[in-house]
2 protein chains.
Amino acid sequence: MKGPTLRILVLGAGGMIGRKLCARLAADGAIAGGRIDEARLVDLDAPVPPVDSPFATICAAVDLAAEPAAGELIDARPDVVFHLAAVVSGEAESDFDKGYAVNLDATRRLFEAIRRERDRSGGDYRPRLIYASSIAVFGAPCPATIDDDFLAAPLTSYGAQKAIVELLIADYSRRGIFDGVALRLPTVVVRPGPPNRAASGFFSSIIREPLAGREAILPAPEETRLWCASPRAAAGFFVHAAAVDFDRLGPRRSLTMPGVSVTVAEEIEALRRVGGEAAVRLIRRQADESIANIVAGWPGRFDARRACAFGFVAESSFDEIVRVHLEDDHVAAVA
Amino acid sequence: MKGPTLRILVLGAGGMIGRKLCARLAADGAIAGGRIDEARLVDLDAPVPPVDSPFATICAAVDLAAEPAAGELIDARPDVVFHLAAVVSGEAESDFDKGYAVNLDATRRLFEAIRRERDRSGGDYRPRLIYASSIAVFGAPCPATIDDDFLAAPLTSYGAQKAIVELLIADYSRRGIFDGVALRLPTVVVRPGPPNRAASGFFSSIIREPLAGREAILPAPEETRLWCASPRAAAGFFVHAAAVDFDRLGPRRSLTMPGVSVTVAEEIEALRRVGGEAAVRLIRRQADESIANIVAGWPGRFDARRACAFGFVAESSFDEIVRVHLEDDHVAAVA
């Protein structure tokens, strides 16, 4: 492969999307037209390195909220920084301080570390920075379909923190400190593994758990509509983002990612097509007002025109999302 | 007058709008249905107290960027906080660190001081907070008329800082920490006194200086369109905001203020009607690319429907704005 060799930094590499992204990087061996030379993968616990990686992998336990952490990571001058580390929505709502400390302050320290390294290098250092934002930057009242010009008016602290970092990314990019883009991720469904503390977890568990023969709890009404994409598509967004023409992006650095608009009822129908009535019977309705309130404020349909014009792609149906789950992550029920 | 007695805190009380606001508070003696008992007026230099104030006035020099400043101000438990203190657009653009330190970090420390006081009081303390935001939160490309649902996509660090604080105000208000509203001020024209470092200063000086018999520099093209209101109207926005029904505001706490949409050419025509050809001849065209670039990204027309529904009012023509200047601030030329 021609082109430059690249050093990669992945923050939040141990999270679900982070692991998918690292596996994809290891499989590709290259990104944005360059061969990957070295990947530094960090999370609160040291991530497990991806198998069969063709490049050097350094896995480290790093608490970004600790003061010198960001500076030390940037000392290695990564060419591409993937920033997926975050306190998730439910926890950022229940722990105000922790949410702002990690999702805003630690992120800003990372940006400042890049600025310092850029100043130190006389302007020579200017990495690409791909940030995991979220459609949680939007909040009701919203139009039935949200376009790329609609205001960010979050109804959670998590959404506020994501929207603030989006503004920082636009400003730091405009200033030439780094070349950043914020990917507003749809709800990622079907999440593998055990539930995390995100309020959106049930959208996945009502598919994953019944398909594995286990009961799942549905805390919100069946009319709840969501905008979703698979973990495979989400990892693909990050890989694709590293290669977009950043000059063409201009000053607006937030892109709403494509996805599938589906209601919980339609999810259940898709489950029925794959797992039959037996699977559907494993969904237990147990209303949770706090979760229902959070997700009710999330928008369910987007016109992600700008991202599509830049070549980002997701699944085209919820059936396809279930198929991706079965191919990538399904763990069969123990008979 | 019936109703409660209120303690007021004005940050940035020595600035142009701050002084207008304090004079108005002194003239009214009351706000939001309550008699003003005490007003604490602070700025980098101790503000001059308004004349004939019917309430106790404490004027103090406070650097909000200094660590304990915000906490000490909130110790007095003001019922209404007017926050107009800021590093202006031109300076926030030329001094990245200072802009973020004052416009973002110091403001957030103020919000955190309110949170601490609220926690200390067992939830009893919850002031109203009226924040001076700006239409600089918007940036090109914009539609010809911007409505209340259009995204904040600033093209200056100043605008980014304002937009970030707007998000914090919405989140802190949603959390019940304070009851906040961000007023997106139009360009305030005609500013009295000597020019400040705001990029928008020339919009005022091309009226003020010629009417006082002095030359003024026009650094941007005559087609430049701006959204403006008088200093009197701007002070009125703050007074009015303190009395709006905050429950009716809901979670969206940023309001684009009403104004007049006018081009520099139309400003000059208004000047001609008042000051004649002699005044117009005092405008000297001297292009400044940096200023022209900043203001070119600012939007010139809004549909400020939400603010109007909440009863905010501005002038209805640029001639009226000039008349307000002549009534309130005009200093006649020395013959």
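Hi everyone, let's start with a helix pair: in chain B, the axes of helix H4 (residues 96-120) and helix H5 (residues 157-174) come within 10 Å and cross at roughly 10°. Axes here are lines fitted to C-alpha atoms, for helices over the stretch in contact, with angles running from 0 to 180 degrees between N-to-C directions. Helices (H or I, at least four residues) and strands (E, at least two) are DSSP runs, numbered from the N terminus. That crossing makes H4(B) roughly parallel to H5(B), a label for angles under 35 degrees, while over 145 is roughly antiparallel, 65 to 115 roughly perpendicular and the rest oblique.

A word on the source: this is a predicted model, where local features need pLDDT of at least 70 and side-chain atom pairs count only at pLDDT 80 or more, while totals for chains, interfaces and linings use all residues. Residues are numbered from 1 along each chain as its sequence is written, and chains are lettered from A and ligands numbered from 1 in the order in which they are written.

Back to our pair. On the H4(B) side you'll find, among others, B:Phe96, B:Tyr100 and B:Phe111, meeting H5(B) residues including B:Tyr158, B:Ile164 and B:Tyr172. Contact means C-beta atoms, placed from the backbone, within 7 Å. By class, this contact has nine nonpolar, five polar and one charged residues. Ala, Val, Leu, Ile, Met, Phe, Trp, Tyr, Cys and Pro count as nonpolar, Asp, Glu, Lys and Arg as charged, and the others, Gly among them, as polar.

Now compare another pair in chain B: the axes of H9 (residues 264-280) and H12 (residues 318-328) come within 9 Å and cross at roughly 55°. H9(B) and H12(B) are therefore oblique to each other. Their contact involves B:Ala270 and B:Arg273 of H9(B), among others, and B:Phe318, B:Asp319 and B:Val322 of H12(B). Those contact residues split into four nonpolar, no polar and four charged.

Next, is H6(B) enclosed or open? Eleven of the eleven residues of H6 (residues 201-211) in chain B are buried, so this helix is largely enclosed by the rest of the structure. Buried means 20 or more other C-beta atoms within 10 Å of a residue's own; 12 or fewer is exposed, and in between is partly exposed. The cover includes strands E8, E9, E10 and E13, plus H9 and H12, of chain B. Just after H6(B), B:Gly213 takes a positive phi of about 80°.

Finally, A:Leu183 touches A:Ile130, A:Phe237 and A:Met257, among others, leaving aside neighbours within four places in sequence. Thanks, folks!

Methods: Two residues are in contact if their C-beta atoms, placed from the backbone, lie within 7 Å.
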